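Visitor: I'm new here and would like a walk through this structure. Could you show it to me, and then take my questions one by one?

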Amino acid sequence: MHALYSTGVSDSSLTSKRPKEFSTKIQIPPPICQNKDSSKEDDPKILTALAQSYDKNEKYEDAIETILDALDIDPENPNALKQYAGTLLSMKDYEGAKENVDKLRKKEGGDRDLETIDLLGQYFICKEEDDKAKECFAKIQRINHHYKDHMIHAAERSAQIGKIEQAEIYANQYVERRPQNPDGYMTLGKIYEQKGDLIGAKN
């Protein structure tokens, strides 16, 4: 809700100084932010964040439509391309996702970009090429051993293709290394629920 502009004086004091033919109502100018949505629609960063939100809520068609709007504005935006690839993986359009990952890898430094390598590993998990996925994750650790997001993503992709035990292993590895991050516990809960372990899901 927009705050009204304050005049600093009461209506009665204004009225006493005005000729009778003028209205006593204060004319409040329109809020300066009334057109904020139009500016957001032109910002690839905001559109990418919105697409990510849609993806997390499994609104994949909305995610794709939004991320394509971002790419219309900036076709080479790396974050938009990454989100596009991630959403395509969620939709099981694996080859479409791989096409975007390959675009990212061809960019300068792309073959050492952690998120790009992470996405490639996710692709290999979805294709059940586990050895290639492990090679990607090992490469991530050689570049930056502090990066652990690939573990939670590997858990989610493993669960997506029905490899529940593998998903649980990856999720537990993430929890061991990031015990303060709730994402690991939330993913574990979903995995336990998927395999019918409701007690584990609640814990």
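**A look around the helices**

Guide: Touching, or contact, means heavy atoms within 4.5 Å. Before we go on, this is a predicted model: local features need pLDDT of at least 70, side-chain atom pairs count only at pLDDT 80 or more, and totals for chains, interfaces and linings use all residues. Residues are numbered from 1 along each chain as its sequence is written, and side-chain values use heavy atoms, with hydrogens and water left out.

Visitor: Is Leu-188 buried or exposed?

Guide: Leu-188 sits in helix H11, residues 182–194. Buried means under 20% relative accessible area, exposed over 50%, and partly exposed in between, using a 1.4 Å probe and protein chains only. Leu-188 has 8% relative accessibility, so it counts as buried.

Visitor: How far apart in space are Leu-188 and Val-175, C-alpha to C-alpha?

Guide: Along the sequence the two are 13 residues apart, and in space their C-alpha to C-alpha distance is 8.9 Å.

Visitor: How many helices and strands does the protein chain have?

Guide: Helices (H or I, at least four residues) and strands (E, at least two) are DSSP runs, numbered from the N terminus. Reading along the sequence gives the pattern α-α-α-α-α-α-α-α-α-α-α-α. The count for the protein chain is twelve helices and zero strands.

Visitor: How do H9 and H10 run relative to each other, parallel or antiparallel?

Guide: H9 and helix H10 (residues 164–177) pack with their axes 8 Å apart, at an angle of about 160°. Axes here are lines fitted to C-alpha atoms, for helices over the stretch in contact, and angles run from 0 to 180 degrees between N-to-C directions. Angles under 35 degrees count as roughly parallel, over 145 as roughly antiparallel, 65 to 115 as roughly perpendicular and the rest as oblique. H9 and H10 are therefore roughly antiparallel.

Visitor: What kinds of residues make up the contact of H9 with H10?

Guide: On the H9 side you'll find Met-151 and Ile-152, among others, and the H10 residues they face as a group include Tyr-170 and Tyr-174. Ala, Val, Leu, Ile, Met, Phe, Trp, Tyr, Cys and Pro count as nonpolar, Asp, Glu, Lys and Arg as charged, and the others, Gly among them, as polar. The contact of H9 with H10 comes to ten nonpolar, three polar and two charged.

Visitor: And how do H7 and H9 run relative to each other?

Guide: The axes of H7 (residues 114–126) and H9 (residues 149–160) come within 9 Å and cross at roughly 25°. That makes H7 and H9 roughly parallel.

Visitor: Which residues does Gln-122 touch?

Guide: Gln-122 lies in helix H7. At 5% relative accessibility, Gln-122 counts as buried. Not counting residues up to four places away in sequence, its contacts are Leu-89, Phe-137, His-153 and Arg-157.

Visitor: How many disulfides are there in the whole structure?

Guide: Cys-126 is buried at a relative accessible area of 6%, and Cys-136 is buried at 8%. A disulfide is a pair of cysteine sulfur atoms within 2.5 Å. Searching the whole structure turns up zero.

Visitor: What share of the protein chain is buried?

Guide: The protein chain has 203 residues. Buried residues make up 35%.
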